[in-house]
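Notes follow in the order I took them.

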Amino acid sequence: MLGHLSFGVEDLARATAFYDAARALFSRPAVVAFYSAALEAGGTDAGTPGLRAHYRPSSYAAFVNDPDGCKLEAVHK
């Protein structure tokens, strides 16, 4: 679990709107909700929600690129 994350962005208001879409991921529906909210907030698809058994049999994840092109993974294990 991350306690702190820092990186630069080109447009603070745009990044703030995008990252406000982030939620605690306690379930598979939460991964889907994060993915949908991230796309609505200006992110782009980098991997639709689904099982990622190559990580572990129960991993369910989605991938998005934030508006500055940073790739994010939302995962429920």
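I started with Asp68: at 22% relative accessibility it counts as partly exposed, because buried would need a value under 20%. This is a predicted model, so I treat every value here as computed from it.

Next I asked which side chain Asp68 meets in a salt bridge. I found Arg14, with 2.5 Å from N to O. Arg14 is in helix α1 and Asp68 in the loop between β2 and β3, so the pair ties together parts that are 54 residues apart in sequence. My count of salt bridges came to one.

Then I went to the sheet. I see three strands in an open sheet, ordered β1-β2-β3, with antiparallel pairing. β1 (44-51) and β3 (71-76) are the edge strands, each pairing on one side only. From one strand to the next I get an average twist of 10°.

I looked up what packs on this sheet: helix α2 (residues 28-40), which touches β1, β2 and β3. The direction of α2 makes about 10° with that of β2.

Back to the strand pairing: I noted five bridges joining β1 to β2 (residues 60-65). Within that pair, Gly47 stands opposite Phe63 in β2.

Last stop was Phe26, in the loop between α1 (12-19) and α2. Buried or exposed, I wondered? Phe26 is exposed, at a relative accessible area of 70%, since the cut-off for exposed is over 50%.

Terms used. Residues numbered from 1 in each chain as written. Predicted model: local features only at pLDDT ≥ 70, side-chain atom pairs only at ≥ 80, totals over all residues. Heavy atoms only, no water. Pairing = 2+ DSSP bridges. Helix = DSSP H or I, 4+ residues; strand = E, 2+ residues; numbered from the N terminus. Axes fitted to C-alpha atoms, helices over the stretch in contact; angles between N-to-C directions. Contact = heavy atoms within 4.5 Å. Buried < 20%, exposed > 50% of the residue type's maximum accessible area, 1.4 Å probe, protein only. Salt bridge = Lys/Arg side-chain N within 4 Å of Asp/Glu carboxyl O.
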